[in-house]
Amino acid sequence: MASKRYASVRRSACVSCGTCEAVCPKQAAAVINGCWAEVDSGVCVGCGLCAKACPANCIELLERPVTP
């Protein structure tokens with residue numbers, strides 16, 4: 001069963017430090033071309049470790065859409 005939440009990165013605020021990559025237990029976060037981080041929502045378990053660790057405070061946890 002998928003978690004109810006997933007992490008989302010606000011690209012415009014990301015400083016591409018790689019902290020999210022380092023703390024993600026599922027390796028769902030990655031810095032793309034040294035420019036910004038992305039989180040694979042299909043892999044993310046919504047634990048929030050990346051959001052807590054992010055020095056730029058640009059990661060938030062969103063609710064997954066409910067699917068019938």
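**Strands and hairpin**

Two strands count as paired if DSSP finds at least two bridges between them, and helices (H or I, at least four residues) and strands (E, at least two) are DSSP runs numbered from the N terminus. I note that this is a predicted model, in which local features need pLDDT of at least 70 and side-chain atom pairs count only at pLDDT 80 or more, while totals for chains, interfaces and linings use all residues. Residues are numbered from 1 along each chain as its sequence is written, and side-chain values use heavy atoms, with hydrogens and water left out.

Within this pair, I found Ala29 opposite Val39 and Ala30 opposite Glu38. The hairpin has 3 residues between its strands, and Asn33 takes a positive phi near 50° there. On β3, I listed Ala37 and Val39 on the covered face, with Trp36 and Glu38 on the uncovered one. In a regular strand the side chains alternate between the two faces of the sheet.

**Cavities**

How many cavities of 30 Å³ or more are there? I counted 2 of them, where a cavity is a set of points, on a 1 Å grid over the protein atoms alone, at which a 1.4 Å probe fits but cannot get out, and lining residues have an atom within 4 Å of a point. Grid points are joined across faces, edges and corners, and a volume is the space filled by probe spheres set on the points.

The largest cavity has a volume of about 90 Å³, and among its 16 lining residues Cys14, Cys17, Cys20, Cys54 and Ile59 lie nearest its centre. Helices α1 (19-23) and α2 (49-53) each supply at least two residues of that lining. The second largest cavity holds about 80 Å³ of space, and of its 13 lining residues the closest to its centre are Ala7, Cys24, Cys44, Cys47 and Cys50.

**Two loop residues**

I then looked up Gln27, which lies in the loop between α1 and β2 and has a positive phi of about 55° although it is not a glycine. Gln27 is exposed, with a relative accessible area of 69%; exposed means over 50%, buried under 20% and partly exposed in between (1.4 Å probe, protein chains only).

Asn57 lies in the loop between α2 and β4 (59-63), and its phi is positive, near 55°. Asn57 is exposed, with a relative accessible area of 55%.

Definitions and conventions. On a 1 Å grid over the protein atoms alone, a cavity is a set of points where a 1.4 Å probe fits but cannot get out, and a pocket is an open set with protein on both sides within 12 Å along at least five of seven lines; lining residues have an atom within 4 Å of a point.
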